[in-house]
Amino acid sequence: MQWLCRVVAVLVAAFAILSTQFADFFPCDRPVKPCSQSTRRLGLFPPTFVDGVDANISRVLSIKNAVTPQRRPDVTAIVLNWSRLDNVVRIVSLLCEESLVDTVAQVFIWNNSPEELTYETFAGTGCPKAKLRLHNSPRNLYFYARFLACVQAKTPFCFFQDDDYLVQPQIIQTLRRGIAESPQTAIHLLPAHEHLSSRLRTILTPSGVHTGFAWLGHGAMISRKRSSDFVSLVRHLNMPLEEVNLADNYFTILSNQIPEIWFDHGIELGGGQPFTVGQEGNERNLRHIRNACAYLDRLVFVTHDTSHPDTAVETFPFVKATTDIGQWFVNKTPCLGSLCLLETNIHLLGNDVPRGRVAADLIVHEGQYIRAMDKEGVLNYTSRALSGAVDGIPASAFRSTSLARRGEYVMLDSFSPVGSPDVVLELVFLVPRNNEEILQKCVFQTSVDGDDWLSSPHRLMCRYTSMTTSTLLRNWFSADALVECSIQVTDGKARYFKALLTSDVSIAWTISEIWLREISQ
């Protein structure tokens with residue numbers, strides 16, 4: 001894990017430099033909208049990346065305007081304040097935006113700092129006083145405070161985020177719609193390096209442990225009941241104060257579920273005094289994760305101990321008796337600039353969920369896997385993440401870590417049926433020319449409910465763009481033209497739009513962008 005942290009640190013520094021130069025990686029023959037800095041900065045999709053196409057390509061489908069009408073907000077957004085008050089004010093301004101009026105009912109600021117907050121502190125945020133709740137804690141309760149705040153919420157869902165991270169409004173909306181239909185009771189946004197770490201910190205044991213680890217501070221949607229069950233379990237275990245304070249280290253492990261994690265588009269705000277610093281902070285986190293694993297082993301043993309029926313699993317509703325192991329093989333990311341979710345089962349790691357003897361073996365497994373994993377594979381996972389396919393930026397792209405396999409798919413979920421009788425919908429891909437072979441071997445399907453699927457009878461059409469890939473990132477791209485491939489998928493309404501690969505292909509998936517657009521009849 002130390003090696004991974006060093007690699008990621010190098011990546012972050014490198015890409016901070018490279019991000020300012022991406023315009024040079026994808027040169028354009030003449031100025032067109034896809035190459036404008038404003039388009040990239042906003043993460044918005046133009047109708048097409050091809051020059052001089054037919055005028056009947058009207059626009060990108062505005063999924064956020066096609067979703068169900070405004071509804072009653074049912075999420076409490078919880079932000080902890082300690083040493084980054086300027087960040088908290090900025091976050092509150094975003095959470096109180098008009099775009100979240102049907103999602104966020106209340107913004108709850110739990111102040112762990114000894115400096116008292118007042119409503120005047122947030123006067124410039126535009127947040128109505130009735131929507132803002134402040135709690136000046138008599139002592140610093142660290143991360144446990146977010147769970148206590150959620151228990152006090154009047155809404156069925158809570159949204160957590162740290163004060164050094166910014167989550168965009170449409171991502172929060174997507175999380176809310178995702179949690180309503182997920183078999184899980186929490187969804188975690190994670191940057192790519194943390195996503196990899198969480199996938200590796202997963203374990204199955206013969207005793208009934210099936211759990212994993214994920215942080216909450218990058219953005220997490222959680223049910224209030226789940227938070228209440230967790231607080232009850234913490235009190236039942238009579239945990240020492242230090243363990244209670246570091247509740248984030250215990251939450252996902254003790255749930256005995258493989259957590260649902262999404263690649264994120266978050267913006268780091270920095271500033272203030274970070275809680276985890278250097279090797280000492282990393283070792284502290286690992287120590288508490290091991291403690292959580294030890295607690296879980298004992299809890300699972302008790303739930304299977306038939307000689308004490310009074311300690312059956314119902315006594316600990318937070319500790320799940322079953323889990324969706326398939327969750328480990330599916331990866332998701334919210335779209336940037338539109339209300340949709342990209343999902344895929346494309347292999348990013350091995351074929352099997354890690355197994356061990358006890359829960360703490362998940363830490364051992366992570367270290368073994370990282371040492372055995374190809375360093376370029378780690379680099380690819382962390383810098384060519386799935387989120388790069390739905391951010392509106394051609395220079396960022398998703399790339400699989402293995403060759404394309406039969407049965408793999410990519411799918412857009414718009415959360416409600418979209419389309420109308422007077423327009424047709426196209427599913428569109430911006431890919432390197434060699435990936436056209438993968439798309440040509442796909443069947444393109446749509447569904448209203450995710451159960452019954454219709455295959456498109458139309459042909460995939462591919463056009464060259466004026467952009468090319470770059471050889472600067474060694475072994476990831478060959479110097480190749482980017483092509484825009486599209487297919488008419490439905491004449492009516494659909495919610496799910498899938499490309500399903502029907503045979504193996506000896507190249508890796510690479511997708512610069514995937515989106516929906518309307519075509520005028």
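This is a predicted model: local features need pLDDT of at least 70, side-chain atom pairs count only at pLDDT 80 or more; totals for chains, interfaces and linings use all residues.
Visitor: Let us begin with strand S10. Which way do Ala 220 and Met 221 point from it?

Guide: Strand S10 covers residues 220-223. Ala 220 and Ile 222 point one way, while Met 221 and Ser 223 point the other way.

Visitor: Why do the side chains alternate?

Guide: In a regular strand, side chains alternate between the two faces of the sheet.

Visitor: And are those four residues of S10 buried or exposed?

Guide: Ala 220, Met 221, Ile 222 and Ser 223 are all buried.

Visitor: In what sense does S5 pair with S10?

Guide: Strand S5, residues 157-161, pairs with S10 in the antiparallel sense, over four bridges. Within this pairing, Cys 158 has Ile 222 as its bridge partner.

Visitor: What about S7 and S10: how many bridges are there?

Guide: There are three bridges, and S7 (residues 186-190) is also antiparallel to S10. Here His 188 stands opposite Ala 220.

Visitor: Now the helices. At what angle do H6 and H9 pack?

Guide: Helix H6 (residues 144-152) and helix H9 (residues 224-237) pack at about 125°, and their axes are 8 Å apart. That angle is why H6 counts as oblique to H9. The crossing of H6 past H9 is left-handed.

Visitor: Which residues meet there?

Guide: From H6, the contact includes Tyr 144, Phe 147 and Leu 148, and from H9, Phe 230, Val 231 and Arg 235 are among them.

Visitor: How do the residues of that contact divide?

Guide: The contact of H6 with H9 has eight nonpolar, two polar and two charged residues.

Notes
Residues are numbered from 1 along each chain as its sequence is written. Side-chain values use heavy atoms; hydrogens and water are left out. Buried means under 20% relative accessible area, exposed over 50%, partly exposed in between (1.4 Å probe, protein chains only). Helices (H or I, at least four residues) and strands (E, at least two) are DSSP runs, numbered from the N terminus. Two strands pair if DSSP finds at least two bridges between them. Axes are lines fitted to C-alpha atoms, for helices over the stretch in contact, and angles run from 0 to 180 degrees between N-to-C directions. Angles under 35 degrees count as roughly parallel, over 145 as roughly antiparallel, 65 to 115 as roughly perpendicular and the rest as oblique. A crossing is left-handed if the near helix is turned anticlockwise from the far one by less than a right angle, and right-handed if clockwise. Contact means heavy atoms within 4.5 Å. Ala, Val, Leu, Ile, Met, Phe, Trp, Tyr, Cys and Pro count as nonpolar, Asp, Glu, Lys and Arg as charged, and the others, Gly among them, as polar.
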